[in-house]
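Visitor: I would like to learn how to read the features of a helical model. Please show me the structure and take the features one at a time.

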Amino acid sequence: MANIKSAKKRILVTETKTARNKAIKSKVKTYVKKVETAVEKKDVETAKVALKEAISVINKAGSKGVYHKNTCARKISRLTKAVNEIA
């Protein structure tokens with residue numbers, strides 16, 4: 001355990017940020033899974049609605065610094081491609 005006050009503070013701040021990042025990543029995975037499930041069932045309308053929601057959540061995660069912008073672009077691209085293939 002750290003002895004210096006600033007080091008103790010950094011530990012607390014890191015724990016807070018880690019919890020926030022974990023929650024955001026979990027949310028992204030949930031929305032991505034919704035799109036993938038709709039694609040597997042070949043349900044075009046549900047997939048398009050889920051894709052729109054997923055893109056929003058992914059972009060928010062990117063703007064908060066949880067994901068790199070290229071990672072966000074790659075995730076969105078793959079989901080969009082999957083939805084377009086069943087459409």
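Guide: Helices (H or I, at least four residues) and strands (E, at least two) are DSSP runs, numbered from the N terminus. This is a predicted model, in which local features need pLDDT of at least 70, side-chain atom pairs count only at pLDDT 80 or more, and totals for chains, interfaces and linings use all residues. Residues are numbered from 1 along each chain as its sequence is written, and side-chain values use heavy atoms, with hydrogens and water left out.

Visitor: Which residues of H3 are buried?

Guide: The general idea comes first. An α-helix has 3.6 residues a turn, so residues three or four places apart point the same way. In H3 the buried residues are Thr71, Cys72, Ile76, Leu79 and Val83. They lie on the same side of H3, because they cover an arc of only 130° around the axis; the arc is that of the directions from the helix axis to the C-beta atoms. Helix H1 (5–40) and H2 are among what covers these buried residues.

Visitor: How do I check the length of a helix?

Guide: The expected span is 1.5 Å times one less than the number of residues. H3 has 18 residues and reaches 26 Å from its first C-alpha to its last, close to the 26 Å expected. For H1, with 36 residues, the reach is 52 Å, close to the expected 52 Å. The 20 residues of H2 should span 28 Å, and its end C-alpha atoms are 28 Å apart, which agrees.

Visitor: Which residues of H2 are buried, and which are exposed?

Guide: Ala47, Ala50, Leu51, Ala54, Val57, Ile58 and Ala61 are the buried residues of H2. Their arc around the axis is only 140°, which puts them on the same side of H2. Exposed on the other side of H2 are Glu45, Val49, Lys52, Lys60 and Ser63. The buried residues of H2 pack against H1 and H3, where contact means heavy atoms within 4.5 Å. In H1, the buried residues are Ile24, Val28, Val32, Val35, Ala38 and Val39, and these pack against H2 and H3.

Visitor: How are H2 and H3 placed relative to each other, and at what angle do their axes cross?

Guide: Two packed helices are described by the angle between their axes and the distance between the axes. The axes of H2 (residues 44–63) and H3 (residues 69–86) come within 10 Å and cross at roughly 175°. Axes are lines fitted to C-alpha atoms, for helices over the stretch in contact, and angles run from 0 to 180 degrees between N-to-C directions. H2 is therefore roughly antiparallel to H3, the word for angles over 145 degrees; under 35 counts as roughly parallel, 65 to 115 as roughly perpendicular and the rest as oblique.

Visitor: Which kinds of residue form the contact of H2 with H3?

Guide: The residues of this contact divide into 11 nonpolar, three polar and two charged. Nonpolar covers Ala, Val, Leu, Ile, Met, Phe, Trp, Tyr, Cys and Pro; Asp, Glu, Lys and Arg count as charged, and the others, Gly among them, as polar.

Methods. Buried means under 20% relative accessible area, exposed over 50%, partly exposed in between (1.4 Å probe, protein chains only).
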